[in-house]
Amino acid sequence: MSVVTRLSRWALEWAARLLRGFTLLTALVWLYELLSAKGIWYPQPVDGYFWVAVVCAVSIAIGRRFPLAQLIGVAAVVANPLWSFPLGQIRAIPLVLAAFFAADAGLSIATVLPVAGFAALASQFPGWIRVSPEQWPLWGREMGLSQPLMILGIVCAAALVGYSSYRQRRTAESLRAQNEELGRLRESDRERIANEERAAIAREVHDVVAHHVAAIVVRAQAAARVADRRPDEPRAAVEWIADSGPQALAEMRSLVRVLRDDSAGDGAPHGPATLADELTAVIERVRTAGLDVHARIEAPRGLSAVQEFSMLRVCQEALTNVLVHSPATSVEVRLFTAGSDAVLLVEDNGTLVAPTKSEGRSDASAGGSGLRGMRERAKAAGGFVSAGPSPVGWRVELVLPRGESVWPLDAQAAPA
């Protein structure tokens, strides 16, 4: 907000306050003069009422902006024993307004009540300064205490009403601020959920399409290279592709059904029915594409469906990267336990080359979409993924927490 804007708002605010005070003062003075001219005004000089109107107008004009100063000022005027205006119930009117505006502006009620209360009692005994303290009890009995106590109650009530108004206003402002914050949080949650859904869809599409299409492409390229020397190889490759293509389509349809079915829970893909069987199917698909895979799998207990699904997808992505981006001729897949963790290890024998932007290894080491997807899956499952060069080639390791023992399944995953 610019300085000019702030000054303009400040000037308008003060103009409104002064206008309210001036309007009240003008109306009261006009009323005094009119009734006095008609001969029906209360039998007192008008000058005293005029000063009451002035003090009320000042309290209305500055009460909320300078609550303490206006309260002390009004209290000093009202309780002034030198002011000869004798009507206590009238001279207490500005004090009622001052107590209300001071409390309504946020001044502590512990400050408002003593100041306003003392001034209220003092206003009912205009000549108290001319009476010695020893004579106050007798003087009070002679003048009566009913009206002073009534005025004290009215002033205190005005202060309490002002304080209640202040608390209600503060509560409303706090609720409005909380609602605005909740609105911002809801918008942030919507963006976060949308981003997470997009990331989940991207991971699923990438993993399913990349794995199957990479295997098909590699098998077709291999058949094309040996077609002249081995005429039967293209036929075998086409038959294999014909079998693998429907598998890829089936997984894609399954993924689409999960994404479109609102009754499927949270929209996340379900974990594999049997982790060992699913891993074996992935390994066999890579083997038939021409890569020698040695596997030793010990299926761990205590993993959730999300963890098993993450393990399957990480293994699938790691093997796909070897198949597409690595000069490796063989790869080892191990699933075993280490203490309370389940560990998946995929290590190939590809010769390391200088990384370039066009190579998958460079992309993986720099945190490309494949490795980023594996890390996101591991994090969602409560574990982590590490990838990097090994003494013989490239190594991907997934570690997930588990809680139960394992049993070996070497027969299901042994190389053919």
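Tutor: Start with L31, which sits in helix α1, spanning residues 3–38. The model is predicted, so keep that in mind throughout. L31 has a relative accessible area of 34%, so the residue counts as partly exposed. Together with W30 and L34, L31 makes a nonpolar surface patch of about 290 Å². An unreviewed UniProt entry lists residues 14–34 as a "transmembrane region". The same label in that entry covers 68–88, 95–125 and 145–166.

Take two of those listed spans in turn. Residues 95–125 are 81% helix and 0% strand. The end C-alpha atoms of that span lie 15 Å apart. Residues 145–166 are 95% helix, again with 0% strand. Here the end C-alpha atoms are 32 Å apart.

Now turn to a charged residue. D104 belongs to helix α5, residues 93–104. Its relative accessible area is 1%, so D104 is buried. Beyond its neighbours within four places in sequence, D104 contacts R64, G162, Y163, S165, Y166 and R169. Two of these contacts carry charge: R64, D104 and R169 are linked in a network of salt bridges.

The structure holds six salt bridges. Three further pairs deserve a look. E284 and R287 meet through their side chains, at 2.5 Å from N to O. Both lie in helix α10, three residues apart, about one turn of the helix. E284 is partly exposed, at 29% relative accessibility. R287 is buried, at 15%.

The next pair is E298 with R296, a salt bridge of 3.4 Å from N to O. E298 is buried, with a relative accessible area of 18%. R296 is partly exposed, at 41%.

E347 is buried, at 15% relative accessible area. R395 is partly exposed, at 32%.

Next comes the nonpolar packing. The largest nonpolar core has 39 residues. M311, L319, V333, L344, V346, V385 and L398 touch the most other members. At least two residues come from each of α8 (146–225), α10 (275–288), β1 (292–300), α11 (305–325), β2 (330–338), β3 (341–348), α13 (369–380) and β5 (394–401). Helix α11 supplies the largest share, eight residues. Apart from this core lies another, of 20 residues, including V55, A79, L95 and L107.

L319 gives a local view of the largest core. Leaving out residues up to four places away in sequence, L319 touches V282, I283, V286, V331, V333 and V346.

Finally, the whole chain. The secondary structure comes to 14 helices and six strands. Of the 416 residues, 38% are buried. Among contacts with a separation of 6 or more, 72% join residues 24 or more positions apart. The chain exposes about 23200 Å², and carbon and sulfur atoms supply 61% of that area.

Technical notes
Residues are numbered from 1 along each chain as its sequence is written. This is a predicted model: local features need pLDDT of at least 70, side-chain atom pairs count only at pLDDT 80 or more; totals for chains, interfaces and linings use all residues. Side-chain values use heavy atoms; hydrogens and water are left out. A nonpolar core is a set of buried Ala, Val, Leu, Ile, Met, Phe, Trp, Tyr and Cys residues joined through side-chain atoms within 4.5 Å. Buried means under 20% relative accessible area, exposed over 50%, partly exposed in between (1.4 Å probe, protein chains only). Helices (H or I, at least four residues) and strands (E, at least two) are DSSP runs, numbered from the N terminus. Contact means heavy atoms within 4.5 Å. UniProt positions are given in the numbering used here, feature names are shortened, and annotations may be inferred rather than shown by experiment. Accessible areas come from the Shrake-Rupley method with a 1.4 Å probe; for residues, only the protein chains shown count as cover. Patches are made of residues with over 30% relative accessible area and no salt bridge: like charges are joined within 9 Å, nonpolar side chains (Val, Leu, Ile, Met, Phe, Trp, Tyr) within 5 Å. A salt bridge is a side-chain nitrogen of Lys or Arg within 4 Å of a carboxyl oxygen of Asp or Glu.
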